[in-house]
Amino acid sequence: VLENTTQKVFTCQEVSIYLELEANGTTMLYSPLISDIGGNNIAQDSIVVSDDWVKEQKPNVIVKLTDHVATAEATLNAMKRRFPDARIVLLPVEAVEGTQAEQLFCKLQLAALCYPQYYYEIDMNAVAKELGVSITMRQ
């Protein structure tokens, strides 16, 4: 489903995404989490960036990874303070470091958020059950 659907995304429809790892200002130059959903990774030159640089790039979505589910709400609020005008999504680190099932589920969740016109019929609860994962995306 993911591969077939992302082929429908034209270059002009690509969502620009900033992926921030657990450490503030740290990103990845290449991430299947972004490329596999037909997104455009704004971090192409450096793995360490400033908040001002991110704001200048004006990503459509900022994805923050966290390993601390207990403090997810605080992390999300901190991101909203840093980037008040941005669409922010909080995903667990399993999105890039987890099992294949966990990574696939996170990609589907992010794809559904970025391209709702293509993923509106997918029941994420059914997908999670089928894959045997229990991952929650926050925004």
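**Pockets and a strand**

Visitor: What classes of residue are in the lining of the largest pocket?
Guide: Six nonpolar, three polar and two charged residues. This is a predicted model, where local features need pLDDT of at least 70 and side-chain atom pairs pLDDT 80 or more, while totals for chains, interfaces and linings use all residues. Numbering starts from 1 along each chain as its sequence is written, and side-chain values use heavy atoms, without hydrogens and water.

Visitor: What's a pocket here?
Guide: An open set of points on a 1 Å grid where a 1.4 Å probe fits, with protein on both sides within 12 Å along at least five of seven lines; lining residues have an atom within 4 Å of a point.

Visitor: OK, which residues line the largest one?
Guide: Among them are T66, V69, A72, E94 and R138. Strand β4 gives the most, three residues.

Visitor: And the second largest pocket, by class?
Guide: Six nonpolar, no polar and three charged residues. The lining includes K55, I62, F83 and D85.

Visitor: Switching to β3. Is it buried or exposed?
Guide: Six of the six residues in β3 (61–66) are buried, meaning under 20% relative accessible area. V61, V63 and L65 point one way, and I62, K64 and T66 the other.

Visitor: Which strands does β3 bridge to?
Guide: Four bridges join β3 to β1 (residues 16–20), running parallel, with V63 as the partner of L19. Strands are DSSP runs of E with at least two residues.

How values were computed: Buried means under 20% relative accessible area, exposed over 50%, partly exposed in between (1.4 Å probe, protein chains only). Two strands pair if DSSP finds at least two bridges between them. Ala, Val, Leu, Ile, Met, Phe, Trp, Tyr, Cys and Pro count as nonpolar, Asp, Glu, Lys and Arg as charged, and the others, Gly among them, as polar.
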